[in-house]
Amino acid sequence: MKQFTNVHDIGDLRKAVEESFEIKNDRFKYVELGRNKTLMMIFFNSSLRTRLSTQKAATNLGMNVIVLDINQGAWKLETERGVIMDGDKPEHIREAIPVMGCYCDIIGVRAFARFEDRDFDYQETIINQFIELSGRPVFSMEAATRHPLQSFADLITIEEYKKTARPKVVMTWAPHPRPLPQAVPNSFAEWMNETDYDFVITHPEGYELDPAFVGKAKVEYDQMKAFEGADFIYAKNWAAYSGENYGKILSKDRDWTVSDRQMAVTNNAYFMHCLPVRRNMIVTDEVIEGPQSIVIPEAANREISATVVLKRMLEGLK
Ligand code: CP
């Protein structure tokens, strides 16, 4: 595998899940594969789970790891071509990337949407330059429009916990004090659309996602109706996608906070969230601490999804 930025890069999902269970059964099985190989993890944005789980995955495979936080200790990077660089950014990303590629075998990149220009974000301007210029296999550790390592871990988790072959999975918008990217909901929708699950998205009007990601999902504006009979509730906030509202907060309505009230109409659904989560904005203490909350096993599966992706990239180096 030369790149991993979306669901299509992983190929057959059934095989990917089987490989995940194989790795989970013996996560050091391929520890020789990464001997004398180096992973470089580049963070333009903060992280807890992605940083730790991906580093753990690399060590499962015997790799060395270098981590660089672009905004802490590195030169500030200019990312636009044609800019007269007389400001506070002494290095251009188009030199920095090939230099980074000199010191490693595989590169992981985290670069969120900036919400300054939807085209800049949705063209994946940052990670695509890593793919173009690094000379190395590149994988997303959450880019502007997708978070595939998270979605892969979410899929593994649903496959582990589902009680029926075709569970009802509901992704719900929930309020948040700050504008958040659409990467997680876009990506979750993209992966769910590749399954045969009954997949429903619910959000207030104005929070419609890019139709390319919504795909064949049913969109239901009535949250209570959407939750009826659900087997999994996947909560997430996102800022508006559409037109001039791109990146804006249109609602902080706490009626959308996931609580026992909504969970009562589900099929005793499991509660999922990618974390970090704002309690009593996204979800109540009772629900996230309740017996149906699987947010911790979901986070644990980040190590598994990252191990599968890195394994496939290492196999591609040969
Ligand atoms: N879910 C997730 O990607 O968490 P971090 O932002 O902490 O990496």
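This note covers one threonine and the salt bridges of the structure.

1. The model is predicted, so local features are given only at pLDDT of at least 70 and side-chain atom pairs only at pLDDT 80 or more, while totals for chains, interfaces and linings use all residues. Residues are numbered from 1 along each chain as its sequence is written, and side-chain values use heavy atoms, with hydrogens and water left out.

2. Thr266 sits in the loop between helix H10 (260-263) and strand E12 (270-272). Helices (H or I, at least four residues) and strands (E, at least two) are DSSP runs, numbered from the N terminus. Thr266 counts as buried because its relative accessibility is 10%; buried means under 20% relative accessible area, exposed over 50% and partly exposed in between (1.4 Å probe, protein chains only).

3. The structure holds 17 salt bridges, a salt bridge being a side-chain nitrogen of Lys or Arg within 4 Å of a carboxyl oxygen of Asp or Glu. One of them joins the side chains of Glu303 and Arg27, at 3.1 Å from N to O. Glu303 is in helix H12 (residues 295-317) and Arg27 in the loop between helix H1 (13-25) and strand E2 (38-43), so this pair ties together parts 276 residues apart in sequence. Glu303 has 11% relative accessibility and therefore counts as buried, whereas Arg27, at 26%, counts as partly exposed.

4. Arg51 and Asp69 form another salt bridge, with the closest N and O atoms 2.5 Å apart. This pair links distant parts of the chain, with Arg51 in helix H2 (residues 49-60) and Asp69 in strand E3 (residues 64-69), 18 residues apart. Asp69 counts as buried, at 19% relative accessibility.

5. The partner of Glu289 is Arg279, and the closest N and O atoms of the two are 2.6 Å apart. Arg279 lies in the loop between E12 and helix H11 (285-289) and Glu289 in helix H11, so the pair ties together parts 10 residues apart in sequence. At 41% relative accessibility, Arg279 counts as partly exposed.

6. Salt bridges also link Glu19, Lys311, Arg312 and Glu315 in a network.
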